[in-house]
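This report goes through one protein model for a reader who has not seen it before. Please look over the sequence and the structure first.

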Amino acid sequence: MPKVHNFSAGPCILPNEVFEKSAESILNFNESGLSLIEISHRSTDFVAVMEEARKLVREILNVPDEYEVLFLQGGASLGFLTAAYNLMGSHKTGGYLVTGAWAKKAAKEASFMGTSITIASSEDKNFNYIPKDYTLENNIDYFHVTSNNTIFGTQIKKFYKGDIPLACDMSSDIFSRKVNIEDFDLIYAGAQKNMGPAGTTLYICKKEIFGKSSVPIPTMLDLKTHSDKDSMFNTPPVFPIYASMLNLRWLKKIGGLSFIEKQNEKKSDLIYKQIDDSSLFRGTANIEDRSSMNVTFTLTNDALNETFNKMLVEANINGLKGHRSVGGFRASMYNAMPYESVNILVEIMRELENKKG
Ligand SMILES: *Cc1c(COP(=O)(O)O)cnc(C)c1O
């Protein structure tokens, strides 16, 4: 098979060694003669996987002891609801920074048990920027943000620091750059953007939030339920947790966040430079808010779309189609995307320029 350069927005690419070892575990896990997906999740071998995965999250992200790390289910979409339930306080109100489609969905969930307030929104410009000109008042229990807007290609560069508890959907840029965990009360992330296969959702939360909610929480949505049982209250999704663990091992081995952050900047700088240097392409996100994970752009001349798409297919470039709400193209470059693949895409962009520019 020729190499396919997979720029898909998610589920994400993973390093080859992760695919290989995951595949092996399905047939024969740890030389046990049994499959990873048929053994008890309470077996010593699987408990070791869960514990290593949680430990790697702590090590790589530098998670302080006062925080819990959990691998749960339901995707980030259930995280919207879980965050609201667990953070509701005396105001029964969450404040939301509405920076995209996911943020909007998160805000909606708060209204199932409380009130949702839009603190600021960038919907006036089809979410092409991150609002910065807002103030928070003491009428909200928590402030919810989306660190990276996967669809629109914008990313928060500087997080709110203040007295109001901060919740963050970090699905599409967790493990891509250094963050100060202490700035947050609750972080959640669906695995399939930058951590592993779909099916598990990572939660990192301050232990002091447990038991403090002003609303009754259904058992499975109460983060304390899962913390009390070391993330094993019920059967965990063993395969995505195992593959995530392998991917985190890989990340640690190649140099952790300090290495990958530089690498991700190098990759996104390369493509943004090509967009800015060429009259054929136009970036859709506000320059200072540009994401290093998802690069969104359009062709200035629609008549070239067909030629460009054909060139992409010939170069084995996959997944570059933009989301329907933005149009154009989106190059998603998660951690495992090699620099060489980005370079190949940029060469195709240059080639189009030479042909038509
Ligand atoms: C993909 C995505 C989601 C939805 O994740 P699911 O795990 O499919 O529920 C939520 N937020 C962001 C930022 C995303 O990129």
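Predicted model: local features only at pLDDT ≥ 70, side-chain atom pairs only at ≥ 80, totals over all residues.

Which atom of the ligand is 2.4 Å from an N or O atom in the side chain of T150? The atom in question is an oxygen.

## Around the ligand

The ligand has 13 residues around it, and those that come nearest are S77, T150, D169, Q192 and K193. Three of these can be described by their polar side-chain atoms. T150 has a side-chain N or O atom at 2.4 Å from a ligand oxygen. S77 also faces an oxygen atom of the ligand, with a polar side-chain atom 2.6 Å away.

## Two domains

The chain is assigned two domains: domain 1 covers 17–254, and domain 2 covers 256–356. Taken over C-alpha atoms, the centres of domain 1 and domain 2 are 28 Å apart.

The two domains touch each other. On the side of domain 1, 27 residues are in contact, and they meet 26 residues of domain 2. Together domain 1 and domain 2 bury about 2200 Å², and carbon and sulfur atoms account for 51% of that area.

## Contacts between the domains

Two kinds of polar pairing can be listed here. Between domain 1 and domain 2 there are 2 salt bridges. There are also 18 residue pairs in polar contact between domain 1 and domain 2.

On the side of domain 1 that touches domain 2, the elements giving two or more residues are α2 (44–61), β7 (154–155) and α6 (238–254). The largest share comes from α6, with 4 residues. By type, the residues on this side of domain 1 are 10 nonpolar, 10 polar and 7 charged.

## Salt bridges

Side chains of opposite charge can pair when their charged atoms come close. The structure as a whole holds 17 salt bridges.

Another salt bridge is formed by the side chains of K161 and D183, at 3.1 Å from N to O. K161 sits in the loop between β7 and β8 (166–169), while D183 sits in the loop between β8 and β9 (186–190), so this pair ties together parts that lie 22 residues apart in sequence.

## Backbone details

Most residues other than glycine have a negative phi, and most peptide bonds are trans. Two places in this model depart from that pattern. The peptide bond from G10 to P11 is cis, with omega near -10 degrees. P11 is found in the loop between β1 (5–6) and α1 (16–27).

The other place is N30, a residue other than glycine whose phi is positive, near 50 degrees. N30 belongs to the loop between α1 and α2.

Note on methods:
Residues numbered from 1 in each chain as written. Heavy atoms only, no water. Domains from an automatic or database assignment. Contact = heavy atoms within 4.5 Å. Buried area = accessible area lost by both parts, 1.4 Å probe. Salt bridge = Lys/Arg side-chain N within 4 Å of Asp/Glu carboxyl O. Polar contact = N/O pair within 3.5 Å; in protein donor to acceptor, adjacent residues only side chain to side chain. Nonpolar A, V, L, I, M, F, W, Y, C, P; charged D, E, K, R; others polar. Near = heavy atom within 4 Å.
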